[in-house]
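Work through the exercises below with the sequence and the model in view. Try each task before reading its solution.

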Amino acid sequence: MAERVGIVGSGIMGSGIAEVAAKAGSEVVLRSRSQNTADAMVAGLEKSLAKQVERGKLEDGARADILGRVSAISDLGGLADCDLVIESIVEDLPTKKHLFTELDRIVKEGSILATNTSTLPVVEMAMETGRPERVCGIHFFNPAPMMPLVEVVRAITSSDETIAEARAFAEACGKNPVEVKDQAGFIVNALLFPYLNNAVRLYDAGVATKEDIDAAMQGGCNFPMGPLALLDLVGLDTSLSILEALYAEFKDPNYAPAPLLRRMVSAERLGRKSNLGFYDYSKK
Ligand SMILES: NC(=O)c1ccc[n+]([C@@H]2O[C@H](COP(=O)([O-])OP(=O)(O)OC[C@H]3O[C@@H](n4cnc5c(N)ncnc54)[C@H](O)[C@@H]3O)[C@@H](O)[C@H]2O)c1
């Protein structure tokens, strides 16, 4: 188990992965670009743990121990001593590649540098570093504290040892890892996103209301949530980036982003994180 884990990115996934790793017993260093958002992430974690204590799902002593293992920083230099760093910043390849160049310069030799990307080529991030054999994908699902799956992504440069350590980390976090090769969408998103994209097209074509599309897939397929509600949870900007990466790799029309999805992102309707997506969350 990695003793000291660095998490880069304070969005939906960065916060969730931080909670998972701290619960598993690692020292967690959260890095956000500003100290304010880094501190807000810790405040969010405090709130989430307090709720779990209230519901009887966590002991109060355990809550304090978990929080005691988490620190928040804005300077990347604070990640130097980490045994494992997982980046979970915006789904944009040039931005992630730049971050890997920086992490390779800063983080001690031999440590694993991992990405939580949903679709982007892990090898391109690996090749920004002087340790491509120590780079892999560790892809958590949303919400990370609840979802049991982790996809461990083997880039063609990843060593067997790196993959074994990534798997062991996922298992120590109580997750069920599967190994997958570095191909856009890996397993889950390669299968899931044509479905989500086609749900947007169906809605845009006026075939049914958004409520009925979601209710149909819940009631007809026993899915825990409908496709439009799931897109709101994932984030419409992240979903658009995922579809663009899938389309760029395979040129399969099922991956070509539905025009409505692109328009909604332009209008900053990003789903739950902006309080408005297919549904309105401002009053919830
Ligand atoms: N949302 C999901 O359901 C989900 C699930 C699994 C994996 N992921 C992946 O996790 C990663 C983060 O997604 P998220 O949903 O947490 O997104 P988010 O929008 O909630 O957070 C993105 C984070 O990136 C930071 N950021 C933006 N531009 C940056 C830059 N130029 N440099 C450094 N940081 C920057 C933001 O400040 C924010 O902290 C992405 O790679 C995404 O594909 C997302």
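**Exercise 1.** Which residues does valine 180 touch, not counting residues up to four places away in sequence?

*Solution.* Start with the ground rules. The model is predicted, so local features need pLDDT of at least 70, side-chain atom pairs count only at pLDDT 80 or more, and totals for chains, interfaces and linings use all residues. Residues are numbered from 1 along each chain as its sequence is written, and side-chain values use heavy atoms, with hydrogens and water left out.

Step 1: locate the residue. Valine 180 is in strand E8 (residues 176-181); helices (H or I, at least four residues) and strands (E, at least two) are DSSP runs, numbered from the N terminus.

Step 2: list the contacts, where contact means heavy atoms within 4.5 Å. Valine 180 touches Glu151, Val152, Val153, Arg154, Phe186 and Ile187.

Step 3: check the accessibility. Buried means under 20% relative accessible area, exposed over 50%, and partly exposed in between (1.4 Å probe, protein chains only). Valine 180 has 11% relative accessibility and therefore counts as buried.

Step 4: Between the C-alpha atoms of valine 180 and glycine 137, 43 residues apart along the chain, the separation is 9.3 Å.

**Exercise 2.** Which residues of the largest nonpolar core touch the most other members?

*Solution.* Step 1: recall the term. A nonpolar core is a set of buried Ala, Val, Leu, Ile, Met, Phe, Trp, Tyr and Cys residues joined through side-chain atoms within 4.5 Å.

Step 1: name the residues. The largest core has 36 residues, and those touching the most other members are Val28, Leu30, Leu84, Ile138, Phe140 and Phe169. The most is given to this core by helix H1 (residues 12-23), with 6 residues.

Step 2: Another core, of 28 residues, lies apart from the largest one and includes Phe193, Leu243, Ala258 and Val265.

Step 3: take one member in detail. Not counting residues up to four places away in sequence, leucine 84 touches Ala2, Arg4, Val5, Gly6, Ile112, Ala114, Ile138 and Phe169.

**Exercise 3.** At what angle do H1 and helix H2 (residues 35-54) pack?

*Solution.* Two packed helices are described by the angle between their axes and the distance between the axes. Axes are lines fitted to C-alpha atoms, for helices over the stretch in contact, and angles run from 0 to 180 degrees between N-to-C directions.

Step 1: read the values. The angle between H1 and H2 is about 60°, and their axes are 10 Å apart.

Step 2: classify. Angles under 35 degrees count as roughly parallel, over 145 as roughly antiparallel, 65 to 115 as roughly perpendicular and the rest as oblique. H1 is therefore oblique to H2.

Step 3: identify the contact. H1 supplies Gly14, Ser15, Glu19 and Lys23, while H2 supplies Met41, Leu45, Ser48, Leu49 and Gln52.

Step 4: sort by class. Ala, Val, Leu, Ile, Met, Phe, Trp, Tyr, Cys and Pro count as nonpolar, Asp, Glu, Lys and Arg as charged, and the others, Gly among them, as polar. The contact of H1 with H2 has 3 nonpolar, 4 polar and 2 charged residues.

**Exercise 4.** How do helix H10 (residues 236-250) and H11 pack?

*Solution.* Step 1: H10 and H11 pack at about 135°, with axes 9 Å apart. The two helices are therefore oblique to each other.

Step 1: Leu236, Asp237, Ser239, Leu240, Leu243 and Glu244 of H10 meet Leu261, Arg262, Met264 and Val265 of H11. These residues divide into 6 nonpolar, 1 polar and 3 charged.

Step 2: look within H11 (residues 259-266), where serine 266 is found. Serine 266 is exposed, at 59% relative accessible area.

**Exercise 5.** How many residues of helix H9 (residues 227-234) are buried?

*Solution.* Step 1: the count is 8 of the 8 residues, so H9 is largely enclosed by the rest of the structure.

Step 1: the cover over the buried residues of H9 includes H1, helix H7 (188-204), helix H8 (210-221) and H10.

Step 2: inspect the backbone on either side. Just after H9, glycine 235 takes a positive phi of about 105°. Asparagine 222, in the loop between H8 and H9, has a positive phi of about 65° although it is not a glycine. Asparagine 222 is exposed, with a relative accessible area of 69%.

**Exercise 6.** Where does proline 143 lie?

*Solution.* Step 1: proline 143 is in the loop between strand E6 (135-140) and strand E7 (149-154).

Step 1: the peptide bond from asparagine 142 to proline 143 is cis, with omega near 0°.
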